[in-house]
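Work through the exercises below with the coordinates loaded. Each task is followed by a stepwise solution.

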Amino acid sequence: MWLESVLLLIITVLVVLIAREFLRPAPTPRKVPPPAPKKEIVLRDFTRKELAKYKGSATDPDEPIYIAVKGDVYDVSQARNMYGPGTGYNVFAGHDASYGLGTYSLDPENVDKPIDTLTASEMDLLNEWKQKYDMKYPIVGKLVD
């Protein structure tokens with residue numbers, strides 16, 4: 001008798017759970033905002049002096065942040081948390097980061113240095129960084145001096 005009561009209770013619970021699943025109202029679809037229109041990038045040449053203007057701003061989150069790697073200038077503004085003012089990689093903002101990337105150095109004296117003194121292994125490392133930047137950030141121009 002007690003076994004029948006337990007089975008009846010289990011069956012009742014299962015019926016209630018199944019009925020809840022079928023009678024639950026369908027979730028309302030979320031409205032996904034349309035993607036922001038992509039800005040057309042016009043490639044241009046940058047001198048070191050011009051590149052230095054693109055360091056980002058602590059007060060203006062829309063001010064772009066550019067860095068150069070092996071002659072290409074990248075817009076790294078989307079990674080403001082890494083390259084913006086007061087962050088670890090801000091030393092590269094507005095500079096040629098090639099030498100620093102090749103030597104794993106965040107020392108300010110290693111930005112804007114020529115890469116012709118890098119060893120073969122440092123050059124390999126720099127090339128790996130360049131590939132990462134090519135995949136992750138848009139190129140906005142070339143460093144010409």
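**Exercise 1. Describe the largest pocket: its lining, its volume and the residues nearest its centre.**

Step 1. The lining of the largest pocket comprises 13 residues, and Lys 39, Ile 41, Asp 75, Ser 77 and Pro 138 are those nearest the centre. The model is a predicted one: local features require pLDDT of at least 70, side-chain atom pairs pLDDT 80 or more, while totals for chains, interfaces and linings use all residues. Residues are numbered from 1 along each chain as its sequence is written, and side-chain values use heavy atoms, with hydrogens and water left out.

Step 2. A pocket is defined on a 1 Å grid over the protein atoms alone, as an open set of points where a 1.4 Å probe fits, with protein on both sides within 12 Å along at least five of seven lines; a lining residue has an atom within 4 Å of a point.

Step 3. The space in the largest pocket is about 410 Å³, where volume is the space filled by probe spheres set on the points, joined across faces, edges and corners.

Step 4. Sorted by class, the lining holds six nonpolar, two polar and five charged residues. Here Ala, Val, Leu, Ile, Met, Phe, Trp, Tyr, Cys and Pro are nonpolar, Asp, Glu, Lys and Arg charged, and the others, Gly among them, polar.

**Exercise 2. Which residues have the most contacts inside the largest nonpolar core, and which elements supply it?**

Step 1. A nonpolar core is a set of buried Ala, Val, Leu, Ile, Met, Phe, Trp, Tyr and Cys residues joined through side-chain atoms within 4.5 Å.

Step 2. The largest one has 20 residues, with Ile 67, Val 76, Tyr 83, Phe 92, Leu 101 and Tyr 133 making the most contacts inside it.

Step 3. At least two residues of this core come from each of strand 2 (66–69), helix 4 (98–102) and helix 5 (120–136). Helix 5 gives the largest share, four residues.

Step 4. A second, separate core has eight residues, including Leu 51, Ala 68, Val 73 and Val 140.

**Exercise 3. Is Asp 72 buried or exposed, and what is its side-chain partner?**

Step 1. Asp 72 belongs to strand 3. With a relative accessible area of 8%, Asp 72 is therefore buried.

Step 2. Its side chain makes a polar contact of 2.5 Å with the side chain of Lys 142.

Key. Buried means under 20% relative accessible area, exposed over 50%, partly exposed in between (1.4 Å probe, protein chains only). A polar contact is a pair of N or O atoms within 3.5 Å; within protein, one must be able to donate a hydrogen and the other to accept it, and residues adjacent in sequence count only if both atoms are side-chain atoms.
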